Amino acid sequence: MHRHTQADFESLRDQAVTLRRDGLSRRQIRDRLHIHNNDILNRLLQGEPPPDWTRRPNAKDDLRARARELRGRGMTYDAIQVELGCSKSSISLWVRDMPRPPRRSSEQASAIAKRGWETTLRRREEERQRTKRAAADEVGTLSDRELFLIGVGLYWAEGTKSKPYRRAEVVTFINSDPDMIEVYLAWLKLMGVTGDRLNFRVMIHESADVPAAEQYWADLLGVDAAAFGKTTLKKHNPKTVRKNVGESYHGCLVVRVRQGADLYRRIEGWWYGIVGGVRGSQEANRT
């Protein structure tokens with residue numbers, strides 16, 4: 001502003017200050033008064049604080065206060081980093097004016113490291129569970145068509161399939177995951193397969209608790225274990241170090257559909273229909 005326009009500047013400043021006190025942002029004032037020079041805008045608003053709503057909260061303010069609190073308790077940078085999950089450079093910046101904690105014995109340092117690792121593991125597990133819960137919520141209730149497509153993919157991944165060298169159009173599903181079995185049985189019901197067409201048997205290592213496993217699957221299905229077919233026992237190799245042992249090991253459940261040749265052919269056709277649908281979508285996206 002030149003001297004001969006000082007009155008104009010003062011008038012413009014009065015307008016800018018009034019707008020600022022009314023809660024307008026710098027951008028809003030600039031557009032309202034048609035000011036396109038930041039230096040002039042700075043001079044017009046000199047000494048005027050921004051409205052509260054334009055102030056961005058510092059996300060690290062709470063972390064900084066917490067870091068200083070932990071430092072005051074004598075915690076090291078490593079321990080604070082484990083507790084808060086922030087970088088050492090930030091911690092150093094926040095607490096560098098504070099006295100260093102006294103040196104600890106190796107036993108104390110080991111105990112602190114152990115607590116820190118336990119905290120890290122707990123935090124990771126909490127994050128893992130949050131992610132799983134959020135993902136589960138994204139699915140919601142399935143439509144019949146969604147369950148239909150899921151079941152086809154599930155069977156083609158885990159069910160028995162006919163081979164050119166071994167033609168066997170049977171519908172047999174084997175799995176050790178009770179949730180997988182539940183989804184598969186729901187799919188069979190959707191396909192119109194009634195309970196009288198299902199045959200169940202257990203497949204398990206001979207060294208396991210066979211009666212307990214049979215009862216486990218019977219309870220899961222809500223049927224009498226006596227209705228199961230003869231359990232298939234896998235030979236135990238003492239040289240093999242197996243992980244699937246203990247009370248949580250129940251072997252696999254074999255689910256066979258009687259008179260299932262027609263259903264098998266439809267499953268195979270449905271699967272290739274899914275493959276063709278994917279290829280068609282990819283072709284459409286390329287054109």
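1. The crossing of H5 and H6 is right-handed, a crossing being called left-handed if the near helix is turned anticlockwise from the far one by less than a right angle, and right-handed if clockwise. Helices (H or I, at least four residues) and strands (E, at least two) are here DSSP runs, numbered from the N terminus. The axes of H5 and helix H6 (residues 88-95) come within 10 Å and cross at roughly 115°, where axes are lines fitted to C-alpha atoms, for helices over the stretch in contact, and angles run from 0 to 180 degrees between N-to-C directions. H5 and H6 are therefore roughly perpendicular to each other, given that angles under 35 degrees count as roughly parallel, over 145 as roughly antiparallel, 65 to 115 as roughly perpendicular and the rest as oblique.

2. The model is a predicted one, in which local features need pLDDT of at least 70 and side-chain atom pairs count only at pLDDT 80 or more, while totals for chains, interfaces and linings use all residues. Residues are numbered from 1 along each chain as its sequence is written, and side-chain values use heavy atoms, with hydrogens and water left out.

3. In the contact between H5 and H6, Tyr77, Asp78, Ile80 and Gln81 of H5 meet Lys88, Ile91, Ser92 and Val95 of H6, contact meaning heavy atoms within 4.5 Å. By class, this contact of H5 with H6 holds four nonpolar, two polar and two charged residues, where Ala, Val, Leu, Ile, Met, Phe, Trp, Tyr, Cys and Pro count as nonpolar, Asp, Glu, Lys and Arg as charged, and the others, Gly among them, as polar.

4. Asp78, which lies in helix H5, is partly exposed, with a relative accessible area of 42%; buried means under 20%, exposed over 50%, and partly exposed in between (1.4 Å probe, protein chains only). The side chain of Asp78 makes a polar contact with that of Lys88 (2.4 Å), a polar contact being a pair of N or O atoms within 3.5 Å, of which, within protein, one must be able to donate a hydrogen and the other to accept it, and residues adjacent in sequence count only if both atoms are side-chain atoms. Between the C-alpha atoms of Asp78 and Val223, which are 145 residues apart along the chain, the separation is 56 Å.

5. The axes of helix H4 (residues 61-72) and helix H5 (residues 77-84) come within 10 Å and cross at roughly 140°, which makes H4 oblique to H5. This crossing of H4 and H5 is right-handed. Leu63, Arg66, Ala67, Leu70 and Arg71 in H4 meet Tyr77, Ile80, Glu83 and Leu84 in H5, and by class the contact of H4 with H5 has six nonpolar, no polar and three charged residues.

6. Helix H1 (residues 6-21) packs against helix H2 (residues 26-33) at an angle of about 140°, their axes being 10 Å apart, and H1 and H2 are therefore oblique to each other. H1 passes H2 in a right-handed crossing.

7. Thr231 sits in the loop between helix H10 (210-221) and strand E3 (232-234) and is buried, with a relative accessible area of 15%. Its side chain makes a polar contact with the side chain of Glu214 (2.4 Å). With neighbours within four places in sequence left aside, Thr231 is in contact with Val202, Ile204, Val210 and Glu214.
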